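Student: I am new to this structure. Can you walk me through it in short steps?

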Amino acid sequence: MSPQYITSEDHLPSDTGGEVTVQVTNQETKEIFQTRARLSRDSHELDDPEPLTVLRGPHENVEEQWYIEIIEADLDGAPVDDGVLDRCIEQSRTQSDVVTVRSEDVRALVTYLVETGEYDSVSEAVRTFVTQHLAETRPLLLDRYVERRVRLEQDDLSRRLTGGDET
């Protein structure tokens with residue numbers, strides 16, 4: 001059985017001609033990965049086409065059938081270690097949320113952006129830069145973080161509602 005893939009129209013590049021980099025989910029294994037691929041709405045335009053469902057609309061409830069030819073998968077670099085990620089999430093919930101840069105150059109440049117009104121605070125600017133950088137360089141890490149964080153919050157809420165946590 002040929003693998004089937006899913007992606008959101010939000011993950012499609014504006015130009016889908018030629019080779020593109022796109023984030024997809026293997027429908028069977030639920031593995032999310034970034035891949036270099038060719039995309040087409042017509043399977044005959046690809047050498048080795050596999051089904052790709054593109055989810056569209058504000059609620060991603062409109063499906064379009066496309067095809068994908070994977071050239072190179074897992075471009076995200078290092079795999080995400082869920083155990084380490086869970087430990088980091090827990091530490092961030094219980095420890096100080098101050099991140100130290102220890103660079104007078106970075107501090108001066110970020111302070112300039114705040115002083116000129118581009119950002120309201122140094123914290124806002126740094127959060128924006130880090131998030132943008134991670135979105136560009138480690139999108140799978142961000143996706144996995146969101147999945148793990150949502151699961152953790154659901155577990156916490158479930159414990160409180162069922163009386164399993166008296167905090």
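Tutor: Start with Leu109, which lies in helix H2. Helices (H or I, at least four residues) and strands (E, at least two) are DSSP runs, numbered from the N terminus. This is a predicted model: local features need pLDDT of at least 70, side-chain atom pairs count only at pLDDT 80 or more, and totals for chains, interfaces and linings use all residues. Residues are numbered from 1 along each chain as its sequence is written, and side-chain values use heavy atoms, with hydrogens and water left out.

Student: Is Leu109 buried or exposed?

Tutor: Buried means under 20% relative accessible area, exposed over 50%, partly exposed in between (1.4 Å probe, protein chains only). Leu109 has a relative accessible area of 58%, so this residue is exposed.

Student: How many Å apart in space are Leu109 and Val122, C-alpha to C-alpha?

Tutor: In sequence, Leu109 and Val122 are 13 residues apart. In space, C-alpha to C-alpha, the distance is 9.8 Å.

Student: In which order do the 5 strands close into a barrel?

Tutor: Two strands pair if DSSP finds at least two bridges between them. Here the pairing is mixed. The barrel order is E1-E2-E3-E5-E4.

Student: By how many degrees are neighbouring strands of this sheet turned against each other on average?

Tutor: Axes are lines fitted to C-alpha atoms, for helices over the stretch in contact, and angles run from 0 to 180 degrees between N-to-C directions. For this average, direction is ignored. The value is 55°.

Student: Which residue in E2 is the bridge partner of Ile6?

Tutor: Strand E1 (residues 5-8) and strand E2 (residues 19-26) run antiparallel, joined by 2 bridges. In E2, the partner of Ile6 is Thr25.

Student: Which helix packs on the sheet, touching E2 and strand E3?

Tutor: Contact means heavy atoms within 4.5 Å. The helix spans residues 139-161, and its direction makes about 125° with that of E3 (32-40). The name is H4.

Student: How many salt bridges does the rule count?

Tutor: A salt bridge is a side-chain nitrogen of Lys or Arg within 4 Å of a carboxyl oxygen of Asp or Glu. By this rule the count is 14.

Student: How many residues apart are Arg36 and Glu19?

Tutor: Their side chains meet in a salt bridge at 3.0 Å, N to O. Arg36 sits in strand E3 and Glu19 in strand E2, so the pair links distant parts of the chain; Arg36 itself is partly exposed at 27%.

Student: Is Glu69 buried or exposed?

Tutor: Glu69 forms a salt bridge with Arg38, the closest N and O atoms being 3.7 Å apart. Glu69 is in strand E5 (residues 62-73), and Arg38 is in strand E3. Arg38 is partly exposed at 31%. At 10% relative accessibility, Glu69 counts as buried.

Student: Why is the pair of Tyr5 and Phe33 edge-to-face?

Tutor: Rings of Phe, Tyr and Trp (its six-membered ring) pair if their centres lie within 6.5 Å; planes under 30 degrees apart count as stacked, over 60 as edge-to-face and the rest as tilted. The centres of Tyr5 and Phe33 are 6.0 Å apart, and their planes are at 80°, so the pair is edge-to-face.

Student: What is the angle between the planes of Tyr119 and Phe129?

Tutor: This aromatic pair is edge-to-face, at 5.5 Å centre to centre. Tyr119 is buried at 17%, whereas Phe129 is partly exposed at 33%. The angle between the planes is 75°.
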